[in-house]
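This report is written for a reader who meets the structure for the first time. Please keep the sequence and the model in view while reading.

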Amino acid sequence: MFHSATFNLNIRMYKRPLTAIVLFLYALILFQVMVLKDLPTIHIGHLRFRFSGTHTGTANFVPFRTIKLYMRGAGGLVIAGVNLLGNVLLLVPIGFLFPILFPGTGWRRSLMIGLASGLAIEGLQTMLQVGIFDIDDVILNACGVLVGHGCWLLYQRYRQHRVMPQ
């Protein structure tokens with residue numbers, strides 16, 4: 001006879017290693033997308049988004065400089081939206097997965113993970129000469145991890161308050 005308690009125990013036993021594998025694979029995807037910028041050109045109607053290639057210019061070490069420019073519509077609203085939302089949304093899974101792998105992770109640790117991730121991405125882009133260091137990207141990446149952490153907290157609250165079938 002199969003008991004649900006045994007099933008739950010088996011799932012818990014595999015949850016952390018599986019989460020570690022998913023987080024590692026996602027980090028590889030992020031490296032390919034955000035550092036190597038190995039993406040095909042995306043066509044949406046008459047719009048074309050090209051993320052690959054090298055970018056030149058001066059680094060931005062002034063917080064919110066680029067964000068303000070994008071919020072004012074510099075470069076067009078679509079480009080601004082893709083840059084702002086992309087830098088946030090791409091790191092949301094890290095903020096969700098990290099507390100599964102390391103229970104007890106609070107928002108401060110998630111913020112540190114977000115800042116470290118953003119610094120690593122921007123630093124690697126600069127070292128590999130495929131991007132320009134922008135502190136605003138680091139800020140947006142950290143926000144993405146915090147959004148993911150918030151989603152984790154909402155999921156935890158949902159799990160605690162849902163009615164369990166008997």
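This is a predicted model: local features need pLDDT of at least 70, side-chain atom pairs count only at pLDDT 80 or more; totals for chains, interfaces and linings use all residues.

The N-terminal end of helix 6 is capped by Asp134. A side-chain oxygen of Asp134 lies 2.9 Å from the backbone nitrogen of Asp136.

Which residues of helix 6 are buried? They are Ile135, Asp136, Asp137, Val138, Leu140, Asn141, Ala142, Gly144, Val145, Gly148, His149 and Trp152. An α-helix has 3.6 residues a turn, so residues three or four places apart point the same way. Among the buried positions of helix 6 are Leu140, Gly144 and Gly148, and the list also includes Asn141, Val145, His149 and Trp152.

Asn141, a residue of helix 6, counts as buried because its relative accessibility is 0%, and the cut-off for buried is under 20%. The C-alpha atom of Asn141 is separated by 9.3 Å from that of Ala116, 25 residues apart along the chain.

Tyr155 also lies in helix 6, but Tyr155 is partly exposed, at 35% relative accessibility. The C-alpha atoms of Tyr155 and Phe96 are 9.4 Å apart, while the two residues are 59 residues apart along the chain.

## Cysteines and disulfides

How many disulfides does a search of the whole structure find? The search finds 0 disulfides. In general terms, a disulfide is a covalent bond between the sulfur atoms of two cysteines.

## The protein as a whole

The protein has 6 helices and 2 strands. Along the sequence, these elements follow the pattern α-β-β-α-α-α-α-α. Of the 166 residues of the protein, 30% count as buried.

## Helix 1

Helix 1 comprises residues 4–35, and Ile21 lies within helix 1. Together with Phe24, Leu25 and Leu28, Ile21 makes a nonpolar surface patch of about 400 Å².

Leu30 is found in helix 1 as well. Is Leu30 buried or exposed? With a relative accessible area of 7%, Leu30 is buried because this value is under 20%. Leu30 and Leu90 are 60 residues apart in sequence, yet their C-alpha atoms are 7.5 Å apart in space.

Helix 5 spans residues 107–127, and the loop between helix 5 and helix 6 contains Gln129. Phi of Gln129 is near 55°, a positive value in a residue other than glycine. Gln129 is exposed, with a relative accessible area of 59%, because the cut-off for exposed is over 50%.

Gly123 belongs to helix 5 and is partly exposed, at a relative accessible area of 24%. The C-alpha atoms of Gly123 and Phe133 are separated by 6.7 Å, and these residues are 10 residues apart along the chain.

Where does Phe64 lie? Phe64 is placed in the loop between strand 2 (47–49) and helix 2 (65–71). Phi of Phe64 is near 75°, again a positive value in a residue other than glycine. The relative accessible area of Phe64 is 41%, and Phe64 is therefore partly exposed, between the limits of 20% and 50%.

Key:
Residues are numbered from 1 along each chain as its sequence is written. Side-chain values use heavy atoms; hydrogens and water are left out. Patches are made of residues with over 30% relative accessible area and no salt bridge: like charges are joined within 9 Å, nonpolar side chains (Val, Leu, Ile, Met, Phe, Trp, Tyr) within 5 Å. Accessible areas come from the Shrake-Rupley method with a 1.4 Å probe; for residues, only the protein chains shown count as cover. A salt bridge is a side-chain nitrogen of Lys or Arg within 4 Å of a carboxyl oxygen of Asp or Glu. Helices (H or I, at least four residues) and strands (E, at least two) are DSSP runs, numbered from the N terminus. Buried means under 20% relative accessible area, exposed over 50%, partly exposed in between (1.4 Å probe, protein chains only). A polar contact is a pair of N or O atoms within 3.5 Å; within protein, one must be able to donate a hydrogen and the other to accept it, and residues adjacent in sequence count only if both atoms are side-chain atoms. A disulfide is a pair of cysteine sulfur atoms within 2.5 Å.
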